[in-house]
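Please follow the structure shown below together with the explanation after it.

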Amino acid sequence: MKVVGWICIALGALSLIGALSAVANGHERNIGGPIVFIVLGIFLISRAKKKDQEKQDFDNWKNQ
C-alpha cells in the first residue's frame, strides 16, 4: 500500500502543478481531482504504517 500511496501522491502533485499552471494562463481547470489523489495517497501511506505498527505490537505481545 505504501508504493501505491507514493504513486498517488506523485501523480496528484504533477496533476496539481499542471492544473495550477493552466489556471495561471487563464484556462478553467478543476483542481479537485489532483487534491483527491494526494489525500488518497496520504491515507494509504498512513494506513500501511498503522498496519505495520499493529503487526509489530502483536508480535511483541506474542513473544512476551
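**Salt bridges and helix packing**

K2 is partly exposed, because its relative accessible area is 35%; buried denotes under 20% relative accessible area, exposed over 50%, and partly exposed the range in between, with a 1.4 Å probe and protein chains only. The model is predicted: local features need pLDDT of at least 70, side-chain atom pairs count only at pLDDT 80 or more, and totals for chains, interfaces and linings use all residues. Residues are numbered from 1 along each chain as its sequence is written, and side-chain values use heavy atoms, with hydrogens and water left out.

The structure contains two salt bridges, a term that requires a side-chain nitrogen of Lys or Arg within 4 Å of a carboxyl oxygen of Asp or Glu. In one of them, the side chain of K2 meets that of D52 at 3.8 Å, N to O. This pair links distant parts of the chain, since K2 belongs to helix α1 and D52 to helix α2, 50 residues apart. Helices are DSSP runs of H or I with at least four residues, numbered from the N terminus. D52 is partly exposed, with a relative accessible area of 43%. The side chains of K55 and D59 also form a salt bridge, at 3.8 Å, N to O. Both K55 and D59 lie in helix α2, four residues apart, about one turn of the helix. K55 is exposed at 54% relative accessible area, whereas D59 is partly exposed at 28%.

Helix α1 comprises 23 residues, 2-24, and at 1.5 Å a residue it should span 33 Å; its end C-alpha atoms are 33 Å apart, which agrees. The expected span is 1.5 Å times one less than the number of residues. Which residues of α1 are buried? They are G5, C8, G12, A19 and A22, and the buried residues of α1 pack against α2, residues 32-63. G5, which lies in helix α1, has a relative accessible area of 0% and is therefore buried. Leaving aside neighbours within four places in sequence, G5 is in contact (heavy atoms within 4.5 Å) with G41, L44 and I45. The C-alpha atoms of G5 and I38, 33 residues apart along the chain, are separated by 8.4 Å. Just after α1, G26 adopts a positive phi of about 100°.

How values were computed. Helix = DSSP H or I, 4+ residues; strand = E, 2+ residues; numbered from the N terminus.
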